[in-house]
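Biologist: I would like to learn how to read salt bridges in a model. Please start with the terms.

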Amino acid sequence: MEGFVTEAEQDKLLPLLPLLNGVPASLDHAPCTGDGSVDFTGAPASRDHSGKWRACCSILGGEFCGALAYYAVGTNLVSYLTKVQHQSNVEEASRIISWQGTCYLASPLGAFLADSYWGRHRTIVVSLTIFTLGMVLLTLSAEAPESISSMAISPQDALSSLGLYMSALGLGGIWPCVPTFGADQFDDTDAAEKAQKELYYNWYYFAVNGGFFFASTIMVWIQDNCGWALGFGIPTIFLAVGIAGFLSCTRVYRYQKPGGSALTRTCQVAVAAIRKLHVDVPIDSHLLYETPGKESAIAGSRKLMHSAGLTFLDRAATVTISDKISGDLLNPWRLCTVTQVEELKILVRMLPVLATAIIFNTAEASFPLFVEQGTVMDNRIDGFSVPPASLMTFNCVCILMLAPAYNKFLMPMASRITGVKRGLSELHRIGVGMVFSMLSLVLAASVEMVRLHITRSRGLSHRHVAVPMSILWQVPQYFFVGVAKVFSVVGFIEFAYEQPPDAMRSMCQPCSLIMVTLGSYLVSIMLKIISSATTIGGKHGWIPENLNEGHLDRFFWFMAGLQLLNLLVFVYCSARYRRKLPN
């Protein structure tokens, strides 16, 4: 396929890219980066005095602070709304779902602003500021009076609502921009820096889960035992420190210029292609329209080579006689550049791979069922009672251990096996993670089968009591989900940065977040359908109130089968997917 190479071929071609672009082969000694990045003054970024790990440390530190603040709110928000604001179960559930939904829906908006107008750095600074102000309002709400007779809404409710939605708006700019801005600090035209960028994705995910671990343990304890003002105030201070640290490296960062509205460009390609529905695409791709010279017409983006396939879209770059006569060569709604057409082609090719993340995320979305399974198991360990939900910590600990270990141990091992310098490509990582995601549900189903066998043998089927089977048998299923996330989630983050066009990288990051949401919705829908189908005729169903009477194992087996089917679809899509090669 023209313009696309495999992962192994790209490793061999990387040292030749400077020659293909007409620049000296000794690019390692060039004074400026080769990916079009600039410094804070707008001049070409220095290779030696900007970016790399010196810049990434402050970015990862800011991400840790942001993750800590988000999880400090989200992990224990149920307790705050019910115990402090005395809301009903329905009210608190509705507010939490609305807040989380707003966080995810705000992400495409933040990504659009970053890629189109503001740039990633400005979007992160503005978003961190909004997030911090939201946390300040939440902290104040913990000390505000519950009600004032002269006011229709209490100051506490007003401050907490405004604080939650301001924090959601801020997170919408942070989530899609931080991973991409960190990756921008490494020049992918330099082999050494490209290798370092591949390590960055693991450390980014390590920072996210480090914030989660700190928030779900220490911060939750502070909130429950020392008060909510302190429980929200400490993350707010961390956020302020994160902003200060992020701004302190402004002169060191490398910046990519925003490329204008990506949505407008994709619409222009679609409209131009439809307008030329009956125009024949030339066999010689060199006859398609492209701006002269090395620079792309899209700011912040390098030119893309023409690729075979999706020829319908090539009509948008086909120059007709009427285009020349009418002077429409400058009208992008009638004639687009090859690079502009290739942007849309790349997005269309990426979509099937990204869509497989929906079912992959159903494993983590099944955690509430893991917790329910733990409630009917023996949770006593050496005289202590272990809360079933606390086993989710094993998932986080697994990630914190494996993310650094991947760089030091797993990558060299995989490199010897695959023959690829980086060990595993993004698609390889995603596939390995999907295998572990499926195995986690197989383990959950196997544990439940054994538990139900013990239930029946002890005559406990109709008693809503814990079964004499240690809750520690659940640890492997949580651990395997952690392994799956280290491989697949990091793989999806890397895929959403490496494969999109330069000027659309932030726009593709929210896709992973949207797939998480869709995975949760899918589990919710499946639970309702299966519950209705299995309770026909007065039966207990697979997931009754008393799990000793049900068949939760069958639901886990069903979800494991769905994961297997998803894995096969992913293998098919990834086998057909060809990596892009920038011109």
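Modeller: Buried means under 20% relative accessible area, exposed over 50%, and partly exposed in between, with a 1.4 Å probe and protein chains only. This is a predicted model, where local features need pLDDT of at least 70, side-chain atom pairs count only at pLDDT 80 or more, and totals for chains, interfaces and linings use all residues. Residues are numbered from 1 along each chain as its sequence is written, and side-chain values use heavy atoms, with hydrogens and water left out.

Biologist: How many salt bridges does a search of the whole structure find?

Modeller: Side chains of opposite charge can pair when their charged atoms come close. A salt bridge is a side-chain nitrogen of Lys or Arg within 4 Å of a carboxyl oxygen of Asp or Glu. The search of the whole structure finds 16.

Biologist: Which residue forms a salt bridge with Lys-345, with the closest N and O atoms 2.9 Å apart?

Modeller: That residue is Asp-314. Asp-314 is in helix α11 (residues 311-314) and Lys-345 in helix α13 (residues 338-355), so the pair links distant parts of the chain, 31 residues apart. Helices are DSSP runs of H or I with at least four residues, numbered from the N terminus.

Biologist: Where is Glu-342 relative to Lys-345?

Modeller: Both are in helix α13, three residues apart, which is about one helical turn.

Biologist: Is Glu-342 buried or exposed?

Modeller: Glu-342 is buried, with a relative accessible area of 2%. Lys-345 also counts as buried, at 0% relative accessibility.

Terms used
Helices (H or I, at least four residues) and strands (E, at least two) are DSSP runs, numbered from the N terminus.
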